[in-house]
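Me: Got a structure I'd like to go through with you. Can you take a look and tell me what's in it?

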Amino acid sequence: MNLQSFRNYFAHYFALGDYLVSQEEAEQSIREGVSFRGTNIVILIIAIFIASLGLNTNSTAVIIGAMLISPLMGPIIGIGLGVGIHDFGLIKRALRNLVMATGVSVLTSTLYFIISPVSEGHSELLARTSPTIYDVLIGFFGGAAGIIAIGSKSKGNVIPGVAIATALMPPLCTAGYGIATLQSKYFFGAFYLFLINSIYISLATFIGVKLMGYHAAETGDPRRADKVRRIVYSIALVTLIPSLYLTYNMLRQSRFESNASKFVTSECHFPSTRVLASDATMNGRDKTINITLIGKVLPSDSLTLALSSRLKFYGLDGTKINIIQGDNPDLSGLVGDNTQSVRSIYEMAQSSISAKQATIDSLNNLLTEASLNDTIAGRLAPEMKVLFPQVKEMAVTRAVFGNMSTGRLDTVHMALVSYSSPLSASKRVELARYLEARLQLGNVDIIDIGSKSKSSQNGHKNTKK
């Protein structure tokens with residue numbers, strides 16, 4: 001089999017000529033659907049009420065039913081046909097009817113949601129407020145399937161499927177919900193989704209008409225037709241740009257949540273503590289992972305520090321970790337006499353934990369102070385060599401003196417100093433003031449240990465002999 005035979009073999013499967021109705025028959029079907037008078041407008045209003053009920057009750061089945069009933073596809077496909085065959089009268093009529101249908105739909109849904117006692121946004125409503133590039137593709141391929149089905153001899157159940165896939169009714173109902181509840185994000189997000197669906201269904205229809213070889217209307221003006229085509233392409237491109245940005249944000253959010261889930265699953269393993277819940281939120285550049293723990297209370301600061309060092313291995317650099325454990329128990333699920341008992345036990349446990357934490361903090365302060373005292377000489381050595389070159393060795397310590405008669409305790413800070421050469425009295429006072437200011441201590445007593453140091457050194461020498 002040569003290349004030409006191979007092409008002919010596959011072209012046979014994709015040839016549409018024998019399966020299409022005449023252009024006149026397809027046009028008549030589309031033109032009839034463009035009209036919005038009498039029963040069409042009444043059915044549209046009924047479909048809007050059904051879709052609003054479905055969104056209000058968060059029922060997918062009811063929403064699908066409303067989409068099957070809705071006659072909104074007619075004017076949208078009519079616009080695409082008009083652009084494709086240069087029938088500007090059809091374009092105007094279809095646009096006029098689409099604007100009329102859109103206004104009636106939004107007005108009807110607004111009135112419904114004003115009257116409805118349920119005003120919360122459910123998942124089906126929220127899904128209509130953040131259109132992405134995927135919605136653009138759905139609208140385009142749905143429109144492509146629609147125009148092929150209309151032009152086909154065997155239409156099957158394509159048109160109902162297109163009505164469900166492109167979902168024209170729910171965005172209009174959500175837009176009405178946004179107006180009724182004064183929430184602009186619902187209105188603009190949903191209306192943008194409706195525009196995406198409408199524009200790309202029309203664009204797919206226009207391309208389908210051209211591919212199926214429909215001839216232009218006799219009254220068509222080629223120059224005007226070129227201008228209309230440029231307008232169509234421009235509108236399609238402008239409509240596409242915001243969806244690309246929203247898609248980028250959606251992918252970032254999805255990737256962040258996936259990485260956060262992997263991080264919590266892999267890193268949060270503790271002997272006596274379990275992860276009760278976790279969630280990841282991203283607001284612009286601010287990213288946070290909230291981890292709720294149950295079981296033995298862990299030191300939050302140390303735990304946060306340890307977990308933060310592992311974030312970079314999961315692509316989560318710059319993410320803040322928020323550990324939640326034991327501070328705000330949810331006792332709403334407890335009823336009867338046990339509630340007070342559980343609350344009392346919890347308060348006792350919290351009191352014990354707070355007391356232990358206070359002891360730990362106090363010991364940490366003592367360790368910090370002792371560590372600072374041990375390193376004073378090293379930290380002050382460069383300054384001491386310049387200001388007091390006679391000082392050979394120095395140690396700063398704290399002593400608590402007790403008065404034997406009164407039992408009163410007095411804390412004294414002492415600087416034990418040995419000199420390479422004698423230091424005058426004025427210089428000793430100056431040294432004390434320097435240490436008080438430099439170490440931020442109230443009072444420092446200078447203790448000369450020069451002779452003791454020498455005798456100690458002599459003792460070591462004698463021992464060695």
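Me: How many aromatic pairs does the count come to?
Reply: Eleven aromatic pairs, and keep in mind that this is a predicted model.

Me: OK, take phenylalanine 140 and phenylalanine 141. What's the geometry of that aromatic pair?
Reply: Phenylalanine 140 and phenylalanine 141 are edge-to-face, 5.5 Å centre to centre with 80 degrees between the planes.

Me: And why is the pair of phenylalanine 187 and phenylalanine 188 edge-to-face?
Reply: Their planes sit at 75 degrees, and over 60 counts as edge-to-face. The ring centres of phenylalanine 187 and phenylalanine 188 are 5.2 Å apart.

Me: Is phenylalanine 188 buried or exposed?
Reply: Phenylalanine 188 is exposed, at 58% relative accessibility. Phenylalanine 187 is partly exposed, with 23% relative accessible area.

Me: What about phenylalanine 141, buried or exposed?
Reply: Exposed, since phenylalanine 141 has a relative accessible area of 52% and the cut-off is over 50%. Phenylalanine 140 comes out partly exposed at 23%.

Me: Which residues form an aromatic cluster?
Reply: Phe49, Tyr112, Phe113, Tyr177 and Tyr186 make up one.

Me: Switching to helices. At what angle do α2 and α5 cross?
Reply: Roughly 135 degrees, with the axes of α2 (residues 23-34) and α5 (residues 73-85) coming within 8 Å. That angle makes α2 oblique to α5. The crossing is left-handed.

Me: Which residues make the contact?
Reply: From α2 there are Gln23, Glu27, Ile30, Arg31, Gly33 and Val34. On the α5 side you get Gly74, Pro75, Ile77, Gly78, Leu81 and Ile85.

Me: How do the residues of that contact divide?
Reply: Six nonpolar, four polar and two charged.

How values were computed
Residues are numbered from 1 along each chain as its sequence is written. This is a predicted model: local features need pLDDT of at least 70, side-chain atom pairs count only at pLDDT 80 or more; totals for chains, interfaces and linings use all residues. Side-chain values use heavy atoms; hydrogens and water are left out. Axes are lines fitted to C-alpha atoms, for helices over the stretch in contact, and angles run from 0 to 180 degrees between N-to-C directions. Helices (H or I, at least four residues) and strands (E, at least two) are DSSP runs, numbered from the N terminus. Angles under 35 degrees count as roughly parallel, over 145 as roughly antiparallel, 65 to 115 as roughly perpendicular and the rest as oblique. A crossing is left-handed if the near helix is turned anticlockwise from the far one by less than a right angle, and right-handed if clockwise. Contact means heavy atoms within 4.5 Å. Ala, Val, Leu, Ile, Met, Phe, Trp, Tyr, Cys and Pro count as nonpolar, Asp, Glu, Lys and Arg as charged, and the others, Gly among them, as polar. Rings of Phe, Tyr and Trp (its six-membered ring) pair if their centres lie within 6.5 Å; planes under 30 degrees apart count as stacked, over 60 as edge-to-face and the rest as tilted. Buried means under 20% relative accessible area, exposed over 50%, partly exposed in between (1.4 Å probe, protein chains only).
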